[in-house]
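Trainee: I have a new structure to get to know today. Could you walk me through it, one question at a time?

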Amino acid sequence: MRLSRFFIDAPLTLGSCNLPEASAHYIGRVLRLSADTAVQLFDGSGQEYSGLLVEVGKKHVTVELREQFSGLPESSLRIHLGQGLSRGERMDWAIQKATELGAAEITPIVSERCEVRLKDERADKRLAHWRQIAISACEQCGRSVVPTIHPPIPLQDWLKLEADLKLVLHPVAAPLSAYARPASLAFLIGPEGGLSDGEIDQARSAGFQPARLGPRVLRTETAPVVALSVAQQLWGDFQPDL
């Protein structure tokens, strides 16, 4: 039987420890786990901890951590996804799947055709929501390191980042397989309305190479799933065992 696995937003060590209130509430009140339940915890450091729940209250959970071990290694291909900001569930889906597919960093991009505008308190709430989406995806898929979810920024600011290979999706371009294996990859994907011709030109001026995924036009939430899957297959940790 698979152990219940949880991210704890605090450094973990072997021995007895009290969990943060938010984690205690989820384990004790939402999941209603009881004392003597075996659990596996991780804190984003790359290490995993297994142990038993010792005391479970409404706002207080104590766990005895008995074993520490290395979690799943991160992909050798460090991917920074620049994802055009889109509505509600589309953005949630993109962040969830990019996390499962090994993205190290994800930045929501504000571009000309974005239909979503976030400011101040609303932006902070969305960022916290997206981070929780990534945490839940890590708990499910087995990652021991939570990707960095950056606040939304304008496209022209994100284009300044550095990477061995920088790609922007374009229907008339070479396939991903035409490029040599990089150690780090920046992948730009447009919003629901796509990137404008001017934004494509901006990206190319900033060193982004055009790349295509196939003959069909993909939705903004589908494109990162396909793009990251192909990139991991070509250059990352989707290599078949030999």
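This is a predicted model: local features need pLDDT of at least 70, side-chain atom pairs count only at pLDDT 80 or more; totals for chains, interfaces and linings use all residues.

Trainee: Thanks! How much space lies in the largest pocket?

Mentor: The idea behind the number is simple: rolling a probe the size of a water molecule over the atoms shows where empty space is left. For the largest pocket, that space comes to about 530 Å³.

Trainee: Which residues that line the largest pocket are the closest to its centre?

Mentor: The lining is made of 24 residues. The closest to the centre are L169, H170, P171, V217 and L218.

Trainee: And which element gives the most to that lining of the largest pocket?

Mentor: Start with the elements that give two or more residues: they are β10 (165–175), β11 (184–189) and α5 (197–205). With three residues, the one that gives the most is β10.

Trainee: By class, how many residues in the lining of the largest pocket are nonpolar?

Mentor: Sort the lining into its classes. Five of the residues are polar and seven are charged. The nonpolar ones number 12.

Trainee: Let's move on to the second largest pocket. Which element supplies the largest share of its lining?

Mentor: The second largest pocket holds about 280 Å³ of space, and 15 residues line it, with F7, S23, Q132, I135 and E139 closest to its centre. β1, α1 (21–30) and α3 (120–141) each supply at least two lining residues. The largest share, six residues, comes from α3.

Trainee: What about its classes: how many nonpolar residues are in the lining of the second largest pocket?

Mentor: Take the other classes to begin with: three polar and three charged residues. The nonpolar residues number nine.

Trainee: Now for the strands. How many bridges join β3 and β4?

Mentor: Strand β3 covers residues 38–42, and strand β4 covers residues 47–56. They pair in the antiparallel sense, and V39 has G51 as its bridge partner in β4. The hairpin they form has four residues between the strands, and there G44 takes a positive phi near 90 degrees. The number of bridges between β3 and β4 is five.

Trainee: Does β3 pair with β1 in a parallel or an antiparallel sense?

Mentor: Strand β1 takes in residues 4–7 and is joined to β3 by four bridges. One example is R5, whose bridge partner in β3 is Q40. The two strands run parallel.

Trainee: How many bridges does β4 make with β5?

Mentor: β5 takes in residues 61–70 and pairs with β4 in the antiparallel sense. The two form a hairpin with four residues between them, and V56 is paired with V61 in β5. The bridges between β4 and β5 number nine.

Trainee: Here is a residue I'm curious about. Why does S144 count as buried?

Mentor: S144 is in the loop between α3 and β8 (148–149). The cut-off for buried is under 20% relative accessible area. S144 is buried because its relative accessible area is 0%.

Trainee: Which residue does the side chain of S144 make a polar contact with?

Mentor: Leaving out residues up to four places away in sequence, S144 touches R5, F42, G44, S45, G46, E48, G71 and L72. In the polar contact, at 2.5 Å, its side chain meets that of E48.

Trainee: Is E48 itself buried or exposed?

Mentor: E48 is found in strand β4. Because its relative accessibility is 2%, E48 counts as buried.

Notes: Residues are numbered from 1 along each chain as its sequence is written. Side-chain values use heavy atoms; hydrogens and water are left out. Buried means under 20% relative accessible area, exposed over 50%, partly exposed in between (1.4 Å probe, protein chains only). Two strands pair if DSSP finds at least two bridges between them. On a 1 Å grid over the protein atoms alone, a cavity is a set of points where a 1.4 Å probe fits but cannot get out, and a pocket is an open set with protein on both sides within 12 Å along at least five of seven lines; lining residues have an atom within 4 Å of a point. Grid points are joined across faces, edges and corners, and a volume is the space filled by probe spheres set on the points. Ala, Val, Leu, Ile, Met, Phe, Trp, Tyr, Cys and Pro count as nonpolar, Asp, Glu, Lys and Arg as charged, and the others, Gly among them, as polar. A polar contact is a pair of N or O atoms within 3.5 Å; within protein, one must be able to donate a hydrogen and the other to accept it, and residues adjacent in sequence count only if both atoms are side-chain atoms. Contact means heavy atoms within 4.5 Å.
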